[in-house]
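Let's take a look at how one protein chain is put together.

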Amino acid sequence: METQTPSPPTRARMPEWLPRAMVLALALFGLFLLGDWAFHRLTGILIILLVAFFISLAMEPAVGVLARRGMNRGLATGVVFVVTFACVLGFLAALVTLLVHTVTNLVKEAPRLLDSGVEWVNRRFSQHFTLHDLSQRLLHESETVGNYAQDAANNAWGVSTTVLGGVAQVLVIALFSVYFTAGGPKLRRAVCSVLPPQRQVTVLHAWDLAIVKTGGYLYSRVLLAIISAVVHGVFLALLGLPNAIALGVWFGVIASFVPTIGTYLAAVLPILVALTIDPIDVLWIALFAVFYQFFQDYILQPRITSRTVDVNAAVALIAVLAGGALLGAVGALLAIPATATVQAFLSEYITRYAVTEDPRIDQTASRKNR
């Protein structure tokens, strides 16, 4: 009987597509790493362009009005930005003057404030501190103070570099904002030229919504700032604080343009001024700031922004927190107009139905009837 020798096992051949797939995967992974590296390197520029784009959207309504009246678009853009820069520079100049005046008064009143503070501490806590004791302790801790001073001197160059870098960023943002605003029609035409006609209509509609919402947000904030400046200026004048008008302008701008904590942050400067006049005024300023914040958030602001930036207060707070987490202060400032634009755009594509009358919706049914 003839025995059959077993044939040697055949090796499994590598699929022909596997080497190409591995090369493609490595190439895609390399492109991902390259894109991630480039994105992190270009994040600062992207943020600058984003801020400049939103500023151009906010300036578009005013520029459009001047352009429709026959003014050249470039000239209209220049007029709007010059007026805006003049207002910003005027506010900064008034703020610097106010800060210098406040610091000068605090330095002059420091001995009296220290005497009053030491006397209050001694009376409240049954102590016997004197200014001499405090000065001796300060001299005893002079090494620590000297170390702080040395650290501040060493960091002076870093601080100055940061300030110069911030000024350069502001100038670059302003430059791009002018370009985006003056060349708005060309930019829209360039974007639409690479899109099919149906997509062009959608993009232009979204662009118009962004202009309306961003411009509405800016102008509503300006109106809120004017009202807040007048109200706080009158209140501070009644308290007898010096530079009440300048303090009112400071209060109005910071309270209206800094999200969530603007009112309380703005109250710090008037409180410092009040300390040099009459410390009891600090309490009145704090109470008035809390009352006005409530009045603005629940009565004044909804009526002003109902037709422009109608965003629920909770949604606005979440948007501000999310924007701040993503892009810092820039994201917090741009969060509300961006959210309003997205909300308005989506609302036109979401089908809404009539709600049946049911007491459970408004929670008006009594527990016995449920």
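## Ground rules

You're looking at a predicted model, where local features need pLDDT of at least 70 and side-chain atom pairs count only at pLDDT 80 or more, while totals for chains, interfaces and linings use all residues. Residues are numbered from 1 along each chain as its sequence is written, and side-chain values use heavy atoms, with hydrogens and water left out.

## The whole chain

The protein chain has 14 helices and zero strands. Helices here are DSSP runs of H or I with at least four residues, strands are runs of E with at least two, and both are numbered from the N terminus.

Of the 370 residues, 26% are buried, meaning under 20% relative accessible area with a 1.4 Å probe, protein chains only. Take the contacts (heavy atoms within 4.5 Å) between residues at least 6 apart in sequence: 66% of them join residues at least 24 apart.

Helix α1 covers residues 17–68, which is 52 residues. Its end C-alpha atoms are only 62 Å apart, short of the 76 Å that a straight helix would reach; that expected span is 1.5 Å times one less than the number of residues. There's also a kink of about 55° in α1, centred on Leu-42. The bend at a residue is the angle between axes fitted to the seven residues ending there and the seven starting there.

Buried residues of α1 include Ile-48, Val-51, Phe-54 and Leu-57. Just after α1, Gly-70 has a positive phi of about 105°.

## Where α1 meets α7

How do α1 and helix α7 (residues 197–239) cross? Their axes come within 8 Å and cross at roughly 85°, so α1 and α7 are roughly perpendicular (65 to 115 degrees). Axes are lines fitted to C-alpha atoms, for helices over the stretch in contact, and angles run from 0 to 180 degrees between N-to-C directions.

Among the residues in this contact are Phe-53 and Phe-54 of α1, and Trp-207 and Tyr-219 of α7. The contact residues divide into 12 nonpolar, two polar and one charged. Nonpolar means Ala, Val, Leu, Ile, Met, Phe, Trp, Tyr, Cys and Pro; charged means Asp, Glu, Lys and Arg; the others, Gly among them, are polar.

## Where α8 meets α10

Helix α8 (residues 244–257) packs against helix α10 (residues 268–277) at about 150°, with axes 9 Å apart. That makes the pair roughly antiparallel (over 145 degrees).

Leu-247, Trp-250 and Phe-251 in α8 meet Leu-269, Pro-270 and Val-273 in α10. This contact has six nonpolar residues, no polar and no charged.

Technical notes: Buried means under 20% relative accessible area, exposed over 50%, partly exposed in between (1.4 Å probe, protein chains only). Angles under 35 degrees count as roughly parallel, over 145 as roughly antiparallel, 65 to 115 as roughly perpendicular and the rest as oblique.
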